[in-house]
Amino acid sequence: MQVVRPVEGTRLAAVVEAPRGALTVAAQHDAPVRLSLIVPTYNESRNLEELLRQLTAVLEPPLSGKYEIIVVDDDSPDRTWEVAMRVAERLPMVRVMRRRGEKGLSTAVIRGWQAARGEVLAVIDADLQHPPEVLARLWQSIEAGADVAVASRHVEGGGVSDWSALRRGLSRGAQLLGLAVLPSVVGRVTDPMSGYFMVRRSAIADAEMSPLGYKILLEVLGRGRIRSIAETGYVFRERTAGESKVTARLYLDYLRHLVRLRLATLPPRFPRFAVVGLTGVLVDMGLLFLLSDPHALGWGLTRSKVFAAEAAIVNNFIWNDAWTFGDLAKKLGSGRARLKRFAKFNLICAMGLALSVLLLALQVDVLHLNRYLANGVAILAVTAWNFWMNKTFSWALPAPSAPAVRAAVVSRRAAAT
C-alpha cells in the first residue's frame, strides 16, 4: 500500500496510496509504529506546516520516532498536499495521501487508518483549533489502558473559547438530539462530536464503518468494541487562517448519521415498541376527534387532548407490559409492582413529550428545517428516548444481590465438577 514515487513539483517523497473498497480497518500484529495520527485536510495550506511542526514537537518526547503522521488531503484547490510533501522531505515521520476520487472528512480519516501502521490510531483537525499539546495527555490515557481517549470541551479544563450563544446552543442541541436518538452511544462521552481522539486499532479492527458527515467518533463508539473510555479537557480555539467548513448541510448529515447508527443497533424489542406506539397514535387521534368534535361530545381542545394523550399512554403501557416486555413483566410481578411500572412509564412519556417540543422548536426556529421533516425527526428521537428510558427504568430487572451472585457461582462450579 505504501509506495515511493516522483510527485509534481517536489523531489522524491513518501506517498501513501489511497485505499479502496470497504471502510474496514484491518488488524495488525507487531505494528512497526505505536501511534498513527491522521490529519484530514482540505484547503489548509496556510495552517499545515505550523501544525506539523507542533505535532512533532509534542509526539517526539514520549514516542521517540515510533509514530507517523499521515496527511490525507482531498485534492485541495490550494494544493495543501504540496505543502505536506515539502514538509515530508524534512520530517520522515510525515506521510501524504492525496485523494482524487473520494471526498469527505470521515472517509478521509478511515482511509488514513487503513493505510496506517500503528497499534493506536488517532485524528486531529488541521486548522489549529485542536491544541496539539493535548496529544500528550491523550497518549497517557491510552498507555494507562483506555480503548479510546477523547479530547472533550465539556469536562474540567475544557471550553469553547468565545463561541456565540447561538453556536453554543446548536452544539448542545445536537448533543441533546444525539442522546435522544442514540443514548447508548452518545451517552458514553461528554463530547460525542469531538473530532480529536485516539483509539486502539484492536477496538475497531474488522468492523465495517459507514460514516456520514464529519462526526467519526460516533461511528467508532457505535461500531467498535469499546470497553474503557478516558476524556481529557481542552479549549477549542478559534480558527486563525482559512475558512470554516461547518455548514447547515453538516447538521443534516449528522441527523442522518444518528438515524443510520440507530437502525444498525436496534435491539430486538424495538420493533414491538414501535408498533405499540402506532396503536397509541390511533387511540390519541380517535379520542381527540370524539371528545373535541362539536357534533360528538364537544369538549374543549385542551381538556380533550390531555384525556386522549393519557388514554394513549395507558394503551401503550398495557401492550408493552404484556407484549414488548412481557417476559420481564412476569419476573417483576403484578399488583403494586405493575403500578410502579406504570408511574415510571407515564413520567418518561411526559418527559418525551417535552423533549419533542424542544427538538421541534430547535430544528424549525434555529436550523430552519422544514416543519414536517423536523417533526418526523422529533418523533423518531422521542420514540428512541422512550424505548431506552423505559427499558432502563420501567422494565429493568433488579441487580442480583451479593449472596445470590455467590450462590450462582458456587452452583456453576459444582455443575462443572
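**Close-up 1. Buried residues of helix H2 in the predicted model.** Thr 80, Trp 81, Glu 82, Val 83, Ala 84, Met 85, Val 87 and Ala 88 are the buried residues of H2. The helix spans residues 80-90 and is mostly covered. Of its eleven residues, eight are buried.

**Close-up 2. The largest nonpolar core.** This core holds 39 residues. Leu 35, Val 39, Leu 55, Val 94, Leu 135 and Met 198 touch the most other members. At least two core residues come from each of these elements: strand E3 (33-41), helix H1 (45-63), strand E4 (67-73), H2, strand E5 (94-98), strand E6 (118-123), helix H4 (134-143) and strand E7 (148-152). H1 gives the largest share, seven residues.

**Close-up 3. Contacts of Leu 135.** Residues up to four places away in sequence are not counted here. Leu 135 touches Leu 37, Leu 55, Val 58, Leu 59, Tyr 196 and Met 198. Another core, of 37 residues, lies apart from the largest one. Its members include Val 72, Met 97, Ala 174 and Ala 203.

**Close-up 4. A nonpolar patch on the surface.** Val 275, Trp 319 and Trp 323 form this patch. Together they have about 310 Å² of accessible area. Trp 323 sits in helix H11, residues 301-324. Trp 323 counts as partly exposed because its relative accessibility is 35%, and partly exposed residues fall between the buried limit of under 20% and the exposed limit of over 50%.

Terms used. Residues numbered from 1 in each chain as written. Predicted model: local features only at pLDDT ≥ 70, side-chain atom pairs only at ≥ 80, totals over all residues. Heavy atoms only, no water. Buried < 20%, exposed > 50% of the residue type's maximum accessible area, 1.4 Å probe, protein only. Helix = DSSP H or I, 4+ residues; strand = E, 2+ residues; numbered from the N terminus. Patch = residues over 30% accessible without salt bridge, like charges linked within 9 Å, V, L, I, M, F, W, Y side chains within 5 Å. Areas by Shrake-Rupley, 256 points an atom, 1.4 Å probe, with all protein chains shown as cover. Salt bridge = Lys/Arg side-chain N within 4 Å of Asp/Glu carboxyl O. Core = buried A, V, L, I, M, F, W, Y, C linked by side-chain atoms within 4.5 Å. Contact = heavy atoms within 4.5 Å.
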